[in-house]
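Subject: Structure handed over, with notes

Dear colleague,

Here is the structure I promised to pass on to you, together with a description of what was found in it. Please have it open while you read.

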Amino acid sequence: MNPASLPPEIPAPPTTIAGFDVAQAVDRMLGQPTLWFEALHLFVQHFANWEVDWQKVQGDDATERKCVHALRSGAANIGANQLSAVAAALEELLARRCAGQTEVIPESSRANLKACFRKDWQAAADACQCSRPENGAAS
């Protein structure tokens with residue numbers, strides 16, 4: 001086989017990311033670190049514009065709830081447990097409003113989610129970038 005036709009070497013996934021429970025997430029992915037790392041890449045790509053999209057739907061409780069739910073689920077999947085918990089708290093408030101309750105959503109709920117999202121998304125993006133071949137160059 002021609003060595004040029006072989007796929008590029010896949011870098012080893014990181015074993016730690018600040019604020020993430022990588023071991024738990026890898027266990028959830030059938031104990032396959034590479035599968036978890038693929039999910040991490042997908043999270044970074046899929047949620048790259050999440051904050052802008054989320055801000056656009058604020059005021060529409062049902063749509064915002066779906067947006068926050070997607071983030072909560074994605075975060076839990078990759079081991080970003082704090083982000084998932086913060087999103088779950090806002091999702092619960094939005095669910096109550098969708099059910100007809102006059103639940104007030106404290107601005108701090110959205111501010112906490114925004115800060116946590118920014119921190120964890122950046123940590124995930126950095127981990128993906130640092131683990132690319134050739135010192136960060138895209139393959």
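Trp-54 counts as buried, at 1% relative accessibility, where buried means under 20% relative accessible area, exposed over 50% and partly exposed in between, with a 1.4 Å probe and protein chains only. Trp-50 is buried as well, with a relative accessible area of 5%.

Residues are numbered from 1 along each chain as its sequence is written, and side-chain values use heavy atoms, with hydrogens and water left out.

The two tryptophans belong together: Trp-50 and Trp-54 lie four residues apart in helix H3 (residues 50–57), and are therefore separated by about one helical turn. Helices (H or I, at least four residues) and strands (E, at least two) are DSSP runs, numbered from the N terminus. Searching the whole structure gives four aromatic pairs, a pair being rings of Phe, Tyr and Trp (its six-membered ring) whose centres lie within 6.5 Å, with planes under 30 degrees apart counted as stacked, over 60 as edge-to-face and the rest as tilted. One of these is the stacked pair of Trp-50 and Trp-54, at 4.8 Å centre to centre and with 15° between the planes.

Trp-50 also pairs with Phe-117, and because the ring centres are 4.9 Å apart and the planes stand at 50°, this pair is tilted. It links distant parts of the chain, since Trp-50 sits in helix H3 and Phe-117 in helix H6 (residues 107–130), 67 residues apart. Both Trp-50 and Phe-117 are buried, and Trp-50, Trp-54 and Phe-117 form one aromatic cluster.

Trp-54 is also among the residues touched by Glu-64, whose other contacts (heavy atoms within 4.5 Å) include Leu-90, Leu-94 and Arg-110, not counting residues up to four places away in sequence. Glu-64 is found in helix H4 and counts as buried, at 0% relative accessibility.

Helix H4 itself (residues 61–78) has 18 residues and reaches 26 Å from its first C-alpha to its last, close to the 26 Å expected at 1.5 Å a residue, the expected span being 1.5 Å times one less than the number of residues. Its buried residues are Asp-61, Glu-64, Cys-67, Val-68, Leu-71, Gly-74, Ala-75 and Ile-78. Seen down the axis of H4, these buried residues fall within an arc of 165°, so they line one face of the helix; the arc is that of the directions from the helix axis to the C-beta atoms. Just after H4, Gly-79 takes a positive phi of about 95°.

For the chain as a whole, there are seven helices and zero strands, and buried residues make up 37% of the 139 residues. Of the contacts between residues at least 6 apart in sequence, 62% join residues at least 24 apart.

On confidence, the mean pLDDT (the predictor's confidence in each residue, from 0 to 100) is 88 for the protein chain, with 85% of its residues reaching 70 or more. Among the elements, H4 has the highest mean pLDDT (98) and helix H7 (residues 133–136) the lowest (40). The value stays under 50 over residues 1–7, for which the model has one contact beyond four places in sequence, and also over residues 132–139, for which the model has eight such contacts. Where pLDDT is low, the predicted coordinates should not be read in detail.

With best wishes

Definitions and conventions. This is a predicted model: local features need pLDDT of at least 70, side-chain atom pairs count only at pLDDT 80 or more; totals for chains, interfaces and linings use all residues.
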